[in-house]
Number of protein chains: 8
Amino acid sequence: MKSQLEDILRRVQAGKLSPKEALYLLKDYPYQDLNFAKVDHHRELRRGFPEIIYGLGKTDEQILKIAGEIIKKGGSLLITRAEPRTYRKIKKTIPGACYNAPAKAVYLKQKHSVMGKGKIMILTAGTSDIPVAEEAYVTCDMLGNEVERVYDVGVAGLHRLLGEYEKINKAKVIIAVAGMEGALPSVVAGLVSVPIIAVPTSVGYGASFKGLAALLAMLNSCSGGVAVVNIDNGFGAAYLASLINHL
Amino acid sequence: MKSQLEDILRRVQAGKLSPKEALYLLKDYPYQDLNFAKVDHHRELRRGFPEIIYGLGKTDEQILKIAGEIIKKGGSLLITRAEPRTYRKIKKTIPGACYNAPAKAVYLKQKHSVMGKGKIMILTAGTSDIPVAEEAYVTCDMLGNEVERVYDVGVAGLHRLLGEYEKINKAKVIIAVAGMEGALPSVVAGLVSVPIIAVPTSVGYGASFKGLAALLAMLNSCSGGVAVVNIDNGFGAAYLASLINHL
Amino acid sequence: MKSQLEDILRRVQAGKLSPKEALYLLKDYPYQDLNFAKVDHHRELRRGFPEIIYGLGKTDEQILKIAGEIIKKGGSLLITRAEPRTYRKIKKTIPGACYNAPAKAVYLKQKHSVMGKGKIMILTAGTSDIPVAEEAYVTCDMLGNEVERVYDVGVAGLHRLLGEYEKINKAKVIIAVAGMEGALPSVVAGLVSVPIIAVPTSVGYGASFKGLAALLAMLNSCSGGVAVVNIDNGFGAAYLASLINHL
Amino acid sequence: MKSQLEDILRRVQAGKLSPKEALYLLKDYPYQDLNFAKVDHHRELRRGFPEIIYGLGKTDEQILKIAGEIIKKGGSLLITRAEPRTYRKIKKTIPGACYNAPAKAVYLKQKHSVMGKGKIMILTAGTSDIPVAEEAYVTCDMLGNEVERVYDVGVAGLHRLLGEYEKINKAKVIIAVAGMEGALPSVVAGLVSVPIIAVPTSVGYGASFKGLAALLAMLNSCSGGVAVVNIDNGFGAAYLASLINHL
Amino acid sequence: MKSQLEDILRRVQAGKLSPKEALYLLKDYPYQDLNFAKVDHHRELRRGFPEIIYGLGKTDEQILKIAGEIIKKGGSLLITRAEPRTYRKIKKTIPGACYNAPAKAVYLKQKHSVMGKGKIMILTAGTSDIPVAEEAYVTCDMLGNEVERVYDVGVAGLHRLLGEYEKINKAKVIIAVAGMEGALPSVVAGLVSVPIIAVPTSVGYGASFKGLAALLAMLNSCSGGVAVVNIDNGFGAAYLASLINHL
Amino acid sequence: MKSQLEDILRRVQAGKLSPKEALYLLKDYPYQDLNFAKVDHHRELRRGFPEIIYGLGKTDEQILKIAGEIIKKGGSLLITRAEPRTYRKIKKTIPGACYNAPAKAVYLKQKHSVMGKGKIMILTAGTSDIPVAEEAYVTCDMLGNEVERVYDVGVAGLHRLLGEYEKINKAKVIIAVAGMEGALPSVVAGLVSVPIIAVPTSVGYGASFKGLAALLAMLNSCSGGVAVVNIDNGFGAAYLASLINHL
Amino acid sequence: MKSQLEDILRRVQAGKLSPKEALYLLKDYPYQDLNFAKVDHHRELRRGFPEIIYGLGKTDEQILKIAGEIIKKGGSLLITRAEPRTYRKIKKTIPGACYNAPAKAVYLKQKHSVMGKGKIMILTAGTSDIPVAEEAYVTCDMLGNEVERVYDVGVAGLHRLLGEYEKINKAKVIIAVAGMEGALPSVVAGLVSVPIIAVPTSVGYGASFKGLAALLAMLNSCSGGVAVVNIDNGFGAAYLASLINHL
Amino acid sequence: MKSQLEDILRRVQAGKLSPKEALYLLKDYPYQDLNFAKVDHHRELRRGFPEIIYGLGKTDEQILKIAGEIIKKGGSLLITRAEPRTYRKIKKTIPGACYNAPAKAVYLKQKHSVMGKGKIMILTAGTSDIPVAEEAYVTCDMLGNEVERVYDVGVAGLHRLLGEYEKINKAKVIIAVAGMEGALPSVVAGLVSVPIIAVPTSVGYGASFKGLAALLAMLNSCSGGVAVVNIDNGFGAAYLASLINHL
């Protein structure tokens with residue numbers, strides 16, 4: 001945003017813009033107003049990043065309209081938390097759109113992203129954590145990253161985790177996805193020296209309180225180098241991992 | 001209620017009412033007893049306010065009966081949290097009734113309200129907050145207020161909010177609706193000098209705990225001039241905003 | 001902030017400011033940087049409002065330094081949550097400073113505030129709620145408002161509340177302070193037609209969970225026209241009440 | 001249980017029972033073992049009380065079997081939390097069974113209960129609290145009590161409550177049912193000098209947290225003479241009220 | 001309150017009171033306004049009940065002033081949650097005042113209360129629950145009740161509880177005080193047929209969460225006839241028990 | 001795992017394994033990688049234990065694939081939290097599989113387990129706790145234990161529990177399953193001198209908060225010898241009980 | 001308790017006891033009533049177990065009196081949660097008493113306990129967990145068990161834990177003590193095949209919420225064979241471990 | 001750890017180590033066992049990182065002993081959460097040790113760390129957040145990073161934050177420290193494209209619940225690129241930031 005700001009100020013200084021016009025520009029330029037949503041085409045231009053739509057709480061009509069505007073401008077598309085029903089509707093108007101079913105993500109790559117430098121590793125503690133991990137996977141992939149997935153390596157069977165030690169050790173950033181007691185990030189952080197992004201999942205029952213147990217465990221990790229995102233937030237973990245991988 | 005009280009006491013003093021009758025009046029006058037509900041026609045008379053029915057937890061039959069009594073007396077009608085099914089039933093006996101679908105509100109203006117002096121501005125952080133904002137909108141409108149809506153101006157994209165700065169600055173009261181981290185009211189309160197009514201929404205997932213995160217954030221706002229209503233309580237925010245706007 | 005912004009933009013347009021200088025101004029003008037705090041002299045100029053210091057979590061040295069800067073500029077001073085110890089230190093360098101002991105507030109009026117139009121009424125449910133009410137009182141007073149206090153009118157003895165009905169009915173805004181079950185705002189809101197700002201207090205024990213019970217009760221008020229601020233936040237309630245009273 | 005115990009010991013002393021037989025009696029006498037449930041016919045004999053079945057979490061088959069055993073023994077029957085579906089099945093084998101639909105209670109009086117001495121009054125704050133109040137009503141009635149119901153007298157409209165003051169003042173025990181901010185018991189307790197049993201309901205939304213707000217408010221009542229039962233526990237309130245009314 | 005209301009209305013009707021005077025009376029008569037507190041001498045007159053002061057959150061000065069007014073009027077005195085320091089101050093001006101140290105209660109009987117009909121039994125699960133039980137004891141005693149105490153009969157040693165069975169069975173009302181898992185009321189309620197008032201205490205550590213565990217357990221009691229008061233609220237339990245015992 | 005480790009190290013020492021091969025073995029040997037799950041055949045070999053699949057959060061396809069691998073290897077099979085729909089699918093490919101409907105458990109014994117030395121006793125407080133108890137039952141049975149079940153012996157009717165005293169006293173380990181106030185384990189632990197594994201259930205409503213009340217009560221048991229597993233975790237209790245029974 | 005019961009019944013049968021005397025015996029025999037506490041000498045006789053006093057919430061006078069009675073009867077003594085101040089007082093009257101300072105436990109062995117069969121292993125995740133572990137240690141020791149302690153083997157440094165693998169593998173029962181994310185029991189349970197008793201500690205800050213994070217993590221352990229006791233409950237874990245070790 | 005493992009295995013293969021010795025090495029090599037703590041000198045060797053001691057919950061004696069061992073080996077030293085009292089003791093034996101008083105951190109640089117590539121920026125919302133920020137500062141500095149601090153730029157005064165925009169935009173990683181509503185990270189993340197590590201602080205009162213409000217807000221940030229550490233965990237944020245800065 002900084003260069004825009006400077007640019008506008010310079011044009012005001014140069015007499016090419018009146019203050020009123022400047023205010024107008026600040027208002028209209030960086031996003032497109034669909035009344036119910038303000039679409040931000042700005043990010044796309046800067047980085048080759050896709051425009052991302054968070055599907056939950058939006059009607060299919062709203063999603064379709066935003067998606068249409070993005071595709072029209074030639075941008076890549078990623079819709080998270082999209083029901084199969086929504087995907088089927090999108091498919092009709094945007095035939096190239098793909099669907100990652102466990103992740104509930106619709107995506108379409110229209111232009112190549114700048115690739116990150118290293119590899120992002122996605123681990124899950126169990127099989128039930130896979131949907132969240134897949135949301136992270138599709139997001140990392142769309143944002144231009146090499147990704148590797150190693151699933152079902154929870155701490156109850158250390159040999160499974162240690163058996164993948166060599167792979168894990170090659171990552172530049174690790175996304176560790178776990179529900180229940182959420183111990184995976186702590187153990188992994190003790191084995192490697194790279195940033196760990198911990199994703200608690202709502203996998204579990206009873207005193208897991210829909211992921212609260214895993215969330216608290218991860219926030220209290222005794223290992224250094226762990227930060228936490230919201231419960232089931234595979235997207236957020238991937239976005240941050242990608243930022244780090246592109247530094 | 002005060003004038004009523006004084007009036008009744010005066011009539012007792014004047015010998016026009018026995019104490020027993022006075023007690024009777026205090027019991028029967030200001031509301032109509034439908035057995036399962038005590039309808040308060042009093043407020044309507046005083047202010048041109050509509051009679052408001054909170055739909056949740058009432059059967060369709062109860063809602064229809066209360067609504068019928070109100071309409072019979074010539075009052076305006078507002079039913080919040082009414083399912084489309086309920087609306088369809090009402091439509092049959094009260095053909096003029098309208099429905100704001102996102103707000104799930106049934107309404108019918110039968111007499112003109114006293115208009116408030118200024119403008120109420122309704123902001124939302126995201127698209128998913130719109131249903132709550134629309135409940136606030138229809139309520140403000142029915143209670144006699146000029147209202148303006150600016151949606152999807154959450155703090156993740158400050159330029160969208162600052163782009164609407166001029167509009168926002170003209171409001172007499174602001175209703176700021178936000179889920180997730182609920183930061184919108186804090187930021188807006190730093191930009192203006194009018195009361196902000198903050199409405200946390202249940203938009204979000206995981207550690208949003210159905211709006212708790214936004215609620216706590218808003219209660220802890222470091223900005224002065226912010227007060228909070230219940231999660232998703234668009235109606236309550238509007239009612240208070242209208243009171244302020246009518247002072 | 002708007003006029004400042006416009007003003008700076010106009011000076012840039014007029015060639016009186018370079019963009020770089022404009023950025024510098026935006027950075028330096030409206031506050032004074034004490035390294036550990038950025039003192040905002042701006043608000044004072046605009047409204048005759050005192051500069052307010054929130055004392056909790058600041059060292060006495062920090063408070064004294066900020067207070068000194070404010071007094072030097074001729075501003076009025078209000079320090080909330082200040083320990084008696086802190087007051088004694090301030091007294092030495094700012095001899096005119098007063099102390100409201102229950103409120104733990106230090107204050108000094110150096111210039112007259114613009115007075116609000118109506119009267120703010122402060123109610124408490126019990127005697128133990130008085131410290132929070134007094135914080136509200138001293139804040140309202142410093143911000144230029146006529147204030148009346150009616151204490152110990154909790155709902156367990158309705159006759160005490162109804163006995164003050166005439167007084168209460170004359171307020172333009174009401175601040176209702178209550179701990180324990182926090183029912184006072186609901187009952188008052190049913191008696192009047194002005195905005196109620198509800199302040200839950202941490203008065204109580206056991207299942208009051210330090211004010212949580214009162215907070216939740218107030219958020220769930222079945223009466224219209226109630227908004228809530230943080231537990232024990234007498235200051236916040238007063239600030240909002242004053243904003244409404246100055247509209 | 002005491003007299004049983006003494007009786008058995010006396011019979012052992014008199015040589016009419018061996019210790020082994022005594023143990024056997026203690027095991028088998030006071031209940032009937034249906035394998036999945038141990039039906040307690042004991043209480044019925046003692047007081048003319050109906051056998052009460054808590055329907056939630058039991059299969060229809062289990063409920064039918066227990067109900068059959070009770071009816072066979074000539075006892076009165078009360079099933080709480082029974083779905084309409086369950087009632088329809090019961091109706092086929094126990095044609096005299098009635099259904100209180102809002103309360104979801106199946107009942108059948110086979111013998112007359114001992115009547116309590118005074119009147120139990122059931123109040124609700126709103127219309128949505130009626131189902132819980134009706135569960136209390138049907139239970140009080142089945143346990144042999146005169147009951148009066150006054151609904152929709154919440155504290156937001158004090159005149160509605162005060163209008164019923166005379167009725168309320170005649171009760172020996174009061175059951176006050178309220179959701180949302182749960183203030184009704186506190187206000188009522190300030191008006192009368194009889195025990196108040198407060199029933200929080202899950203009526204409300206957002207920060208009511210399914211009745212938690214009302215529950216906490218009631219536990220923190222500043223009025224003396226209030227005790228609280230579980231959220232939505234109309235049955236429990238009625239059972240206790242009946243015990244008090246039969247003292 | 002009713003007779004007062006009627007009386008005032010009758011006097012207005014008889015022309016002995018103007019409406020204004022009536023309002024004045026409603027305001028001034030039933031309590032004495034000490035500015036920071038409104039002392040209610042009304043209850044005392046009606047029942048021989050002592051005036052009760054809740055000490056927590058009041059300054060020693062406030063307590064002394066209220067206590068002085070009560071003693072001056074010849075009323076009995078009960079101050080709960082009073083520190084030894086406060087008692088020592090009271091002792092100087094009211095030499096007859098006694099102190100129940102575990103209960104932290106100051107008391108002085110100036111006139112005899114009307115005695116309740118039956119006996120109130122106070123049980124504790126453990127030794128650490130005694131302070132709460134003693135608050136209940138001194139309150140029951142001051143309110144005019146025969147009381148018996150049986151301490152340390154928690155469910156971990158059923159023989160201790162059953163060993164006191166005969167005593168327990170003679171009570172008209174039972175106050176069951178327990179911390180930790182709070183199971184005592186459930187077990188006792190299964191043994192007797194009288195109302196049980198359950199008092200959770202903050203005794204315990206860790207997952208007792210200062211009495212929350214016991215509170216929840218008691219609210220979920222599977223036994224009929226149990227109602228609950230706030231954590232550590234010995235006073236509230238005693239007040240309710242006394243109301244029941246005086247029916 | 002220890003003997004494996006030593007074995008591998010010895011083979012490395014003996015030159016029969018290169019370090020690289022050793023790492024490979026550590027990785028591949030003890031589990032079979034199905035990509036989405038890593039099946040651990042290791043435990044089966046060691047103890048005659050069945051391979052256990054936790055059904056929740058796995059797709060039917062995943063469950064079928066894992067189950068197939070286990071059966072192929074001749075192992076016994078236990079699938080917990082399996083829907084009837086899943087069972088019907090399994091039945092087609094593994095015709096010998098049985099279904100415990102209340103427990104929602106699929107099982108098939110292919111080889112005989114080593115039997116534990118004593119008897120495991122499973123108690124429930126009520127009828128609604130039976131599904132959790134049955135999960136414990138089928139697990140104990142599959143892991144090679146003699147098991148006895150005594151249901152519906154909650155503390156509200158002590159005579160039912162004491163009536164089973166002789167049976168209970170013969171157990172080597174007791175699993176006590178209870179919802180609501182969760183008092184059963186405390187009372188049982190006071191009667192016997194063997195380990196009690198307490199299983200809170202989500203049975204209850206309102207302030208049971210889906211088993212939280214029972215969980216907290218059990219964690220705060222004043223009786224020695226009680227440990228707790230997750231809410232509704234019949235499997236976990238059985239697994240631990242079996243470990244103890246096989247010591 | 002069973003044999004006592006039978007014995008008393010037999011004596012009643014033999015005419016050696018009247019039913020009244022039998023009731024008296026049941027009341028008086030198995031414990032000694034100190035008014036504020038009922039001391040249970042019964043357990044001691046049966047097993048050589050010491051009498052255990054839980055110090056928290058008892059006055060020094062109460063502790064001294066109970067301890068005196070135990071010593072007088074020749075029993076061994078264990079007082080948990082005893083302040084150094086209390087120990088110093090005890091030391092004066094019971095000179096042989098020892099003090100485990102980190103555990104805050106006073107103890108004195110007067111007779112030899114029956115030794116358990118295997119070894120109990122106590123592990124801690126960190127140094128700060130040692131006080132809880134020492135409470136477990138002194139309890140295990142007093143109850144007659146061989147104990148080994150391995151401290152500071154948290155999961156952040158797996159090599160420290162694996163380095164103690166041989167030791168750990170020799171235990172019959174393991175007590176795993178951990179605060180913060182509480183992952184230790186899960187990891188240990190994956191390495192061994194013996195019961196793990198998990199003790200969450202209040203070690204940590206912020207989102208550890210005084211041990212809640214560790215507690216929830218342990219309850220949600222994905223490893224089989226783990227049961228949990230209350231936060232910081234070293235005593236409870238040791239008591240259960242000893243029961244298992246004595247089976 | 002991998003190379004160590006491989007190295008040990010190779011030496012076993014080469015016959016230079018027996019399996020027993022290998023196990024011994026795995027146990028003893030990478031840490032030094034002080035009985036109450038296992039000091040890990042390993043990390044230091046690899047990276048020039050200081051040995052870090054978490055002071056809370058350790059006795060001064062324990063801290064001094066660990067610190068002594070580290071200094072003896074020539075390592076740099078960082079002790080977090082150390083009281084002034086502890087520092088004074090350390091100062092006597094390690095005279096070069098420094099103290100960051102707000103951060104409560106003792107530190108001593110004995111060898112130069114490898115410097116990270118970019119700059120870490122530390123922001124605070126208010127003055128009261130400074131202690132947590134300083135803990136982050138001293139940690140970043142000790143781990144070899146260029147750090148810049150900008151304090152008191154909370155969202156209530158956006159101009160203060162925007163005034164520092166240029167500085168902020170130059171960071172490679174940002175640590176955003178905020179209490180109360182915790183909105184700072186969300187707003188900052190909308191302005192830049194680098195990873196944000198959000199640190200909630202316990203600054204606030206009432207419904208901030210000791211940092212819970214800020215924690216939840218940050219976890220629910222609607223801006224991409226934000227991850228969260230524990231409340232007040234300045235150290236953890238710095239450690240992660242340093243890992244990212246050294247990638």
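Chain A contains 11 helices and 11 strands, where helices (H or I, at least four residues) and strands (E, at least two) are DSSP runs numbered from the N terminus. This is a predicted model, in which local features need pLDDT of at least 70, side-chain atom pairs count only at pLDDT 80 or more, and totals for chains, interfaces and linings use all residues. Residues are numbered from 1 along each chain as its sequence is written, chains are lettered from A and ligands numbered from 1 in the order in which they are written, and side-chain values use heavy atoms, leaving out hydrogens and water.

**Chain A in outline**

- Chain A has 247 residues, and 64% of them count as buried (under 20% relative accessible area, with exposed over 50% and partly exposed in between; 1.4 Å probe, protein chains only).

**Aromatic pairs**

- Over all chains, a search of the whole structure turns up 24 aromatic pairs; rings of Phe, Tyr and Trp (its six-membered ring) pair if their centres lie within 6.5 Å, and planes under 30 degrees apart count as stacked, over 60 as edge-to-face and the rest as tilted.
- One of these is the tilted pair of Phe235(C) and Tyr239(C), at 5.9 Å centre to centre and 45° between the planes.
- Both Phe235(C) and Tyr239(C) belong to helix α11 (residues 234-245) of chain C, where they sit four residues apart, about one turn of the helix.
- Phe235(C) is buried at 19% relative accessible area, and Tyr239(C) is buried at 10%.
- In chain E, the ring centres of Phe235(E) and Tyr239(E) are 5.9 Å apart with planes at 45°, so this pair is tilted.
- Phe235(E) and Tyr239(E) are both buried.

**Charges over rings**

- Arg81(C) lies over the face of Tyr205(H), 4.2 Å from the ring centre; the criterion is NZ of Lys or CZ of Arg within 6 Å of the ring centre and within 35 degrees of the ring normal.
- Within chain H, Arg149(H) lies over the face of Tyr137(H), at 3.5 Å from the ring centre.

**Chains A and H**

- The same surface serves both copies, as 97% of the contact residues of chain A recur in chain H.

Methods:
Contact = heavy atoms within 4.5 Å.
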